Amino acid sequence: MRMLHTMLRVGNLDRSITFYQEVLGMKLLRRNDFPDGRFTLAFVGYGDEAAHTVLELTHNWDTESYDLGSGYGHIAIEVEDAYAACDMARAKGGKVTREAGPMKHGTTVIAFIEDPDGYKIEFIQKGSR
């Protein structure tokens, strides 16, 4: 078994694809419209789906936003330098919600940003855990 993807419902698919490509450097792997169901699926990630876990961005054509609820946590991405990753994300229009630094009860260097729909993305600095 292996993990294939995580699905996020997004209100504006083009805005979300732009964020994941331009701010986080992912590639759009595929995009499929389902007119009869009035939804579109877009898969983004850092590598081919055959070997990498990716994100499925689901856009229901008649829904502009979602309540994220209290159960969702975050997506984690390993980065070489969490401080530089925050600077890069901010320069490209990303919203940094927790600046890079050691976690409260440990030494792992982390930071958090938000995507356009409010989903949290954690940067974890490589080698700091």
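## Overall fold

The chain's secondary structure comes to two helices and eight strands. This is a predicted model. Along the sequence, the elements follow the pattern β-α-β-β-β-β-α-β-β-β.

The chain has 129 residues and a radius of gyration of 15 Å. Along the principal axes, the C-alpha atoms fill a box of roughly 50 × 30 × 30 Å.

## Burial, surface and contacts

Of the 129 residues, 40% are buried. The chain exposes about 7,700 Å². Carbon and sulfur atoms supply 51% of that area.

Take the contacts with a separation of 6 or more: residues 24 or more positions apart account for 49% of them.

## Helix H1

Helix H1 spans residues 13–23. Its buried residues are Leu13, Ser16, Ile17, Phe19, Tyr20 and Val23.

Both ends of H1 have a local feature. At the start, a side-chain oxygen of Asn12 comes to within 3.3 Å of the backbone nitrogen of Asp14. Just after the helix, Gly25 adopts a positive phi of about 75 degrees.

## The nonpolar core

The largest nonpolar core holds 28 residues. Tyr20, Leu24, Leu57, Ile77, Ile113, Ile121 and Phe123 touch the most other members. Two or more residues come from each of H1, E3 (39–45), E4 (54–60), E5 (75–79), H2 (82–91), E6 (95–102), E7 (109–114) and E8 (120–125). H1 gives the most, with five residues.

Tyr20 of H1 is buried. Neighbours within four places in sequence aside, Tyr20 is in contact with Leu8, Gly25, Met26, Val44, Leu55, Leu57, Ile75, Asp115 and Ile121. Leu57 and Ile121 are, like Tyr20, among the core residues that touch the most other members.

## Aromatic pairs

The structure holds three aromatic pairs. One of them, Phe34 with Phe39, is stacked, at 4.7 Å centre to centre and 15 degrees between the planes. Phe34 is partly exposed, with a relative accessible area of 34%. Phe39 is also partly exposed, at 23%.

Another pair, Tyr72 with Tyr119, is edge-to-face. The centres lie 5.2 Å apart, and the planes are at 75 degrees. Tyr72 sits in the loop between E4 and E5, and Tyr119 in the loop between E7 and E8, so the pair ties together parts 47 residues apart in sequence. Tyr72 is partly exposed, at 29% relative accessibility. Tyr119 is buried, at 7%.

Definitions and conventions
Residues numbered from 1 in each chain as written. Predicted model: local features only at pLDDT ≥ 70, side-chain atom pairs only at ≥ 80, totals over all residues. Heavy atoms only, no water. Buried < 20%, exposed > 50% of the residue type's maximum accessible area, 1.4 Å probe, protein only. Helix = DSSP H or I, 4+ residues; strand = E, 2+ residues; numbered from the N terminus. Polar contact = N/O pair within 3.5 Å; in protein donor to acceptor, adjacent residues only side chain to side chain. Core = buried A, V, L, I, M, F, W, Y, C linked by side-chain atoms within 4.5 Å. Contact = heavy atoms within 4.5 Å. Rg over C-alpha atoms; globule rule 2.2 N^0.38 Å. Areas by Shrake-Rupley, 256 points an atom, 1.4 Å probe, with all protein chains shown as cover. Phe/Tyr/Trp six-rings, centres within 6.5 Å; stacked < 30°, edge-to-face > 60°.
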